Amino acid sequence: MEQTDNKLTKFTDLSYRKINNITGWVVFLIASFTFLSTIEPTTSFWDCGEFIASAFKLEVGHPPGAPFFMILARIISLLSFEHVENVAMLINSLSALASAFTILFLFWTITYFALKIVNKEISELNLSNVIGIMASGVVGALAYSFSDTFWFSAVEGEVYALSSLFTAIVFWAIIKWERVADEKYANRWIIFIAYMMGLSIGVHLLNLLAIPAIVFVYYFKKYKPSKSGIIYATIISIVILGTIMYGIIPGIVKLASKFELLFVNEMGLPYNTGVLVYVIILATAVVYGIYYSAKNSKVLLNTILLSFSVIMIGYSSFTMIVIRSIAKPPMNENQPDNVFALLSYLNREQYGDRPLVYGQNFNAPIIDQETKYTYIPLNGKYEKIPMTNPDYVYDPEFSTFFPRMYSHQDNHESGYISWTNIKDPKKKPSFAKNLEFLFKYQIGHMYLRYFMWNFAGRQNDIQGYGDYIKGNWISGIPFLDEMRLGPQDKLPESMTDNKSMNKYYMLPLILGFLGMIFMYQRRPKQFIIVLLLFVLTGLAIVIYLNQTPYQPRERDYAYAGSFYAFAIWIGIGVLGISNFLKKYISGNSSAIIAATISLLLVPGVLLSENWADHDRSGRYTARDLAKNYLNSCAPNSILFTYGDNDTFPLWYVQEVEGYRTDVRVVNLSLLGTDWYINQMRQRAYKSAPVPFSFSPEKYVQGTRDILPVLDKINKAVLLKDVMNFVASDDPQTRVQAGDGEFLDFIPVKSVVIPVDSLKVLRNGFILEKDTAKLLKEINFSITKNYVSKSDMMVLDLLANFNWDVNIYFASSVGDDNYFNLQDYFQLEGFAYKLVPFKTKNENGDIGNINTDILYENLMKKFVWGRMNEDDVLIENYNKRVLSIMKVREVFVRLANALYNENKKNKAIEVLDKIVELTPHKQVPYDYFMVPVAESYYNLGEIEKANKIVEKLAYIYKNDLNYYLNLDENIISSVNYEIRISMSVMQELVNLTELYKQDDLNKAINTDFESLFQLYISKEQNKPQ
């Protein structure tokens, strides 16, 4: 039968390429439809808001920048035709299309390797071979399309989708070169790869990790493999990678800075003269080198110089960063408007450094510090100034080779101790302990867990830190999961109802392993090439990143290239199955059966499991919650924020949609930098400059970075006088530190802000009914022993705002950033307003409530991003933001305040609204719903209260039944959850008893007593 097929079906190079191309484009269309159908229609949380805003107006985002992404995103945003609300969707579509093209190139890469494995000339292929090759490409490409990590990045406006495309292109291009390597102009593919890598630098550096795999493709094609040859190829690949990462990227700019310093400081020439001379010399040298090598037929030299040239052309996208920074846009992070600032920007110096080969352990004592310097333009020269972050010198007795546990942050230290079970934290950890942390946390938790998410299954989307019920991988195979995570047959609904519980039954993993084995057996050289890509974009990144415990978010996106390589093996696995079936089934049937089974059991399962938790269509929460932050503020206000998710979405709605640009957003985590303070001093759209009194030389980098707080005056002092003292250059206003350095300091802890009653009344700071509470001054204490530059600038603002502008603190800002002003806070939404009268702070709640303002905001003005709609995905990050914003608590506080004002109907409306906005199906009920039920009881809405209480009792009863029946080795990891659940059950018992809900109280109390006895029994039997 197979021979008959050979006679009936003959393939030419043209017909095969046609089939390969058409099938590839069909796969592209499937991927495009999937991603475009599930993109978020507006901005997302984390960096997306910043990237979209910076692209739309070509502003300067965080280091090290992504200028080529910005250029492409800006071009596609023009299709909005001034409908700015569509800009984010268009930029998200750029990610979707880039991801679909990644799948296209992945398909062609897999079919190339599959054709190699079949080991036949195209004219010798039969129909069975072609079906097997195409099926390999389809299954592998679609498996990657529907995988967790890749799909997540494909539907939001971030750089990782475009970065994946560059990786796919360069890997595909080197195999195109391999096909034509013996032709005269084959090296044009090498030049093309170099150009793509140059462009990719302007997106993300992950693409460069494909270089070693590319070098080995070249080596295997041009040379007969040998041990020494493989060693040399490895060394050459590392040298090329290092040259680009540490030579070209920062080195070109660093050398330019040397020229600039020489020509400006030594020769007295204008700014940028040295850079211009350097560029001319470099360009002349390269052009001459290309001319010389071409004229003298020096092919290798010519290829190297051309490759360098096109890398530089691609890398030149960073000139846009400098040009736009010089233009001083509202978003101008790090202000890289000169060669020295650009060098710092590219080196990501604000994020600090980490030891890789040799360095300190986490408990190493600091014995010294070395000041680092940079240069700033000042009075026609470059002035040398100290940098904020010095290099610390650690006790060499506590240093080690290959340090993995190095961070001195308190929470990181506790993480190191927990992961490696260190008994004595003061004793130097052994090298073995560092390796234990590497394998347990950095590889096991921060890589293999993500790998298994994509190819075995995922427990949920709750970020976990090593416990048993959050963020683990699962398989869906009970006995395998029970070995690691305890019984799976009695999981509570709180876990099983999570849309991110995805079970793939290890089918993608198994097919990938089959592909690995089959490829190794049939084509070991090609196996090594894919293995290099797999390792260098996976484990090598683990080593390089040297991640600390308690990351603020999951980091699986960093390893997408590794999962891409594994998808190649998934595709090859189909060919392996087909080859196996040929022993038992003749003709084309083996290929068709292998293709059908693989397609259904791998991409089919991935698609069916992952659609629900990757479909972001119709979700507007990030945008709308950002608007709610801004709408919490009166016109022309200042709003203090702190983190990514209470800042970047606000930047998006202001910069892109032009929404509430009268509010000046001041990010406290950036306010410690001179460049950000400078930007706050400038007008931005409708918002006036922030009224700082300090001139730039008072806060320039290296000046007043930290201020000791000394209580030298035993009475309250005007804050303005204190800040004038701090700003003084008089030597008598400084104190000598322990290391001999003289520091500016704050001489008093108790300070006063006078209240200008006329301005307060004229500017509408308070309502007429509150005028009797008006104070003459605000008194507060500085309780910190040291004040950072960020704190200093906030104090300067408080000393000089003169009640001309309203000041708000976002509710997501931590208490330690409130400066002990909580007694003067008024809650007006998701921000606290500073008011000139004392406010109530009861039951742990912060601030007074003006019910008229808060009711207007919550019930009429605020928008909610469709978060209560059944078809909208509210995943863990959204739930976290809602919790940090204290959404449910704010509604309850308003309802209670309205009740106290005898506005019962309005109070009920408010409670009904929060129940409607956060239904259990979308935002699972938690302990913050207990006050909602209590308020309903208080208002006489017994049925509504009982409904919530019954639901909470059901949830926490099931949770406790699960927790308390876990094995002893697991139960200790859920102690926090047990205590919370017990506390809620106790609260429900007390609540139903207080409001005389006897039947409900009896039922809940019976369950609680039973569970409490089980808990006591577990505690008593716990091993000592």
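View 1. Ile 235 is partly exposed, at a relative accessible area of 44%. The structure shown here is a predicted model. Ile 235 belongs to helix α11, which covers residues 227-266. A nonpolar surface patch of about 580 Å² includes Ile 235, together with Ile 231, Tyr 232, Ile 236, Val 239 and Ile 240. In an α-helix there are 3.6 residues a turn, so residues three or four places apart point the same way.

**View 2. Helix α32 and the residue that follows.** Helix α32 comprises 12 residues, 789-800. From the first C-alpha to the last, α32 reaches 16 Å, close to the 16 Å expected at 1.5 Å a residue. Because 12 of the 12 residues of α32 are buried, the helix is largely enclosed by the rest of the structure. Asn 802 follows α32 and has a positive phi, near 55°.

**View 3. The open sheet β12-β15-β16.** This open sheet is formed by 3 strands in the order β12-β15-β16, with mixed pairing. Its edge strands are β12 (717-718) and β16 (777-781), each of which pairs on one side only. Strand β15 spans residues 750-754.

**View 4. The pairing of β12 with β15.** The two strands β12 and β15 pair in the parallel sense over 2 bridges. Leu 718 stands opposite Val 752, a residue of β15. Strands of a sheet pair through backbone hydrogen bonds, either parallel or antiparallel.

How values were computed: Residues are numbered from 1 along each chain as its sequence is written. This is a predicted model: local features need pLDDT of at least 70, side-chain atom pairs count only at pLDDT 80 or more; totals for chains, interfaces and linings use all residues. Side-chain values use heavy atoms; hydrogens and water are left out. Patches are made of residues with over 30% relative accessible area and no salt bridge: like charges are joined within 9 Å, nonpolar side chains (Val, Leu, Ile, Met, Phe, Trp, Tyr) within 5 Å. Accessible areas come from the Shrake-Rupley method with a 1.4 Å probe; for residues, only the protein chains shown count as cover. A salt bridge is a side-chain nitrogen of Lys or Arg within 4 Å of a carboxyl oxygen of Asp or Glu. Helices (H or I, at least four residues) and strands (E, at least two) are DSSP runs, numbered from the N terminus. Buried means under 20% relative accessible area, exposed over 50%, partly exposed in between (1.4 Å probe, protein chains only). The expected span of a helix is 1.5 Å times one less than its number of residues. Two strands pair if DSSP finds at least two bridges between them.
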